[in-house]
Amino acid sequence: MSRAVQFDEYGGIDVLQVREVPRPVPAAGEVLVQVRAAGINPGEAMIRRGALHDRFPADFPSGEGSDLAGVVAELGAGVSGFDVGDEVLGFTDDRASHAEYVTVPAAQLAPKPPGLPWEVAGSLYVVGATAYAAVRAVRLQPGDTVAIAGAAGGVGTIAVQLARRAGATVLGIAGSGNDEWLTAHGVVPVNYGDDLAARLRAASPSGRVDAFLDFFGGGYVKLAVEGLGVAPDRVDTIIDFGAIEEFSVQGAGNAEGADIAIIAELADLAATGELDVPIAEVFALDDVRAAYTELEKRHTRGKLVLRP
């Protein structure tokens with residue numbers, strides 16, 4: 001037996017349960033991973049509440065979690081390239097990583113770089129894939145200025161660094177408590193609030209904003225297109241699905257970046273110190289409700305992580 005987070009119906013944090021479940025058995029082409037760390041993400045909370053039922057319905061009892069890092073415990077038939085005891089990172093599409101054990105297709109795993117902390121390795125997939133795809137979607141060039149809403153969140157902290165690596169000037173929209181972190185990472189902090197469009201233009205070396213990434217929602221796409229005049233094909237949102245249709249902007253995110261080669265590349269950057277993956281707090285599996293309570297305040301800098 002092993003333990004896993006499950007819920008039997010849509011609802012608030014109180015529907016989350018940590019249960020004894022049969023230890024998974026890897027099928028052909030799969031690897032059984034003993035999980036050492038698994039990140040949590042806002043999308044998982046939205047799925048649990050039923051807010052994404054039309055797009056991502058849950059089957060009950062439902063597990064949760066995509067990010068993972070751990071140790072190979074067993075190999076399914078036909079798997080090569082991994083051995084029992086190997087340290088790995090990757091992702092599952094089965095909403096199952098918030099658990100002590102999870103089976104994962106071998107093609108969705110990569111070796112964990114030596115020295116990369118478990119907390120970072122186990123929380124890299126969702127934010128890394130999403131940030132990578134979003135930055136790629138708006139086609140940043142050296143000399144561009146990009147504004148990023150939610151710049152200090154899990155996705156935002158990765159995206160601002162990738163945008164800087166692309167040669168862009170990055171305007172990071174966040175609360176004032178994040179000014180120091182953003183500045184230290186080469187980002188120009190611009191606090192959310194009144195007259196934001198004018199303050200963004202004033203902060204841009206060119207006086208304009210060429211691209212916009214929305215990781216927060218709540219009207220930022222409208223601000224980008226109507227307030228700043230950013231071309232819709234250079235605006236990307238991962239959260240405001242209505243605005244994608246209304247303003248014809250892009251919606252590239254996790255699905256477009258769900259490639260283990262991308263995650264391995266980001267892991268290597270993190271292991272060598274070229275990419276900072278902030279970890280806000282680490283929780284035990286039994287404290288999953290407390291973890292989501294913190295997550296849903298929407299003021300966390302970086303990642304929250306479960307350690308089974």
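## Helix 1 and its cover

In this predicted model, the buried residues of helix 1 are covered by elements that include strand 3 (30–40) and helix 10 (288–295). Helix 1 spans residues 42–49, and its buried residues are E44, A45, I47 and R48. Viewed down the axis of helix 1, these residues lie within an arc of 160°, so they line one face of the helix. In an α-helix there are 3.6 residues a turn, so residues three or four places apart point the same way.

Just after helix 1 comes G50, which has a positive phi of about 90°.

## Helix 3 against helix 9

Two packed helices are described by the angle between their axes and the distance between the axes. For helix 3 (residues 125–137) and helix 9 (residues 260–271), the axes come within 10 Å and cross at roughly 100°. An angle from 65 to 115 degrees counts as roughly perpendicular, and helix 3 and helix 9 are therefore roughly perpendicular to each other.

Helix 3 contributes Y125, G128, A129, Y132 and R136 to the contact, while helix 9 contributes I262, I263, E265 and L266. Sorted by class, the contact of helix 3 with helix 9 has 6 nonpolar, 1 polar and 2 charged residues.

## The chain as a whole

The chain holds 10 helices and 14 strands. Its radius of gyration is 19 Å, close to the 19 Å given by the globule rule for 308 residues, so the chain is as compact as a globular protein of that length. The C-alpha trace spans about 60 × 40 × 35 Å along its principal axes.

Of the 308 residues in the chain, 53% are buried. Among contacts between residues at least 6 apart in sequence, 67% join residues at least 24 apart.

Terms used. Residues numbered from 1 in each chain as written. Predicted model: local features only at pLDDT ≥ 70, side-chain atom pairs only at ≥ 80, totals over all residues. Heavy atoms only, no water. Axes fitted to C-alpha atoms, helices over the stretch in contact; angles between N-to-C directions. Helix = DSSP H or I, 4+ residues; strand = E, 2+ residues; numbered from the N terminus. Parallel < 35°, antiparallel > 145°, perpendicular 65-115°, else oblique. Contact = heavy atoms within 4.5 Å. Nonpolar A, V, L, I, M, F, W, Y, C, P; charged D, E, K, R; others polar. Buried < 20%, exposed > 50% of the residue type's maximum accessible area, 1.4 Å probe, protein only. Arc of directions from axis to C-beta. Rg over C-alpha atoms; globule rule 2.2 N^0.38 Å.
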